[in-house]
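Biologist: I am new to reading protein models. Could you take me through this one, feature by feature?

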Amino acid sequence: MSAEDLENYEADLELQLYREYKDVANLFNFVVETERRFYLANGVDLKTRSADGEVFFDLTLTDAWVWDVYRTGRFVKSVRIVTFKDVNIEELNRDTDLAMPKDGLDLD
């Protein structure tokens, strides 16, 4: 396998993963980003902890989807993440009133 074949294979995996993400994103309430992974989840519990003067985050996700190209089972029941790095949690907007109408704007 050439280097170009490997790059094409990895690009195809990324594209497949992105398409899967678009298909499943509306099933979840939260987007969670850590230094190592990106998750979609329906339940998020974040606790800030301290040990030996160091602060870290103890994060538990339930009903989650993991962005990982090489993982065959991306849907998981529960994930526990312990990290000293930043954690970004965003609640997805489910307000359909803000969505654009499918048939265009009615300005009358």
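Modeller: Start with Tyr21, which is partly exposed at a relative accessible area of 23%. The scale runs from buried (under 20% relative accessible area) through partly exposed to exposed (over 50%), using a 1.4 Å probe and protein chains only. Keep in mind that this is a predicted model: local features need pLDDT of at least 70, side-chain atom pairs count only at pLDDT 80 or more, and totals for chains, interfaces and linings use all residues. Residues are numbered from 1 along each chain as its sequence is written, and side-chain values use heavy atoms, without hydrogens and water.

Biologist: How are the rings of Tyr21 and Trp67 placed?

Modeller: First the rule: rings of Phe, Tyr and Trp (its six-membered ring) pair if their centres lie within 6.5 Å; planes under 30 degrees apart are stacked, over 60 edge-to-face, and the rest tilted. The centres of Tyr21 and Trp67 are 5.8 Å apart and the planes stand at 70 degrees, so this pair is edge-to-face. It joins distant parts of the chain, with Tyr21 in helix H1 and Trp67 in strand E3, 46 residues apart. Helices (H or I, at least four residues) and strands (E, at least two) are DSSP runs, numbered from the N terminus. Trp67 is partly exposed, at 24% relative accessibility.

Biologist: How many aromatic pairs are there by this rule?

Modeller: The count is 8 aromatic pairs. One of them, Tyr21 with Trp65, is tilted, at 6.1 Å centre to centre and 45 degrees between the planes. Trp65 is buried, with a relative accessible area of 0%. Ring pairs also link Tyr18, Tyr21, Phe38, Trp65 and Trp67 into a cluster.

Biologist: Which residues make up the largest nonpolar core?

Modeller: The general idea comes first. In soluble globular proteins, nonpolar side chains tend to be buried together. A nonpolar core is a set of buried Ala, Val, Leu, Ile, Met, Phe, Trp, Tyr and Cys residues joined through side-chain atoms within 4.5 Å. Here the largest has 11 residues, among them Phe30, Tyr39, Leu61, Ala64 and Ile81. Strands E1 (30-33), E2, E3 and E4 (75-83) each give two or more residues to this core. E3 supplies the largest share, 4 residues.

Biologist: What does Asp45 touch, leaving aside its neighbours within four places in sequence?

Modeller: Contact means heavy atoms within 4.5 Å. By that test, Asp45 meets Asp58, Leu59 and Thr60. Asp45 sits in strand E2 (residues 38-51) and is partly exposed, at 35%.
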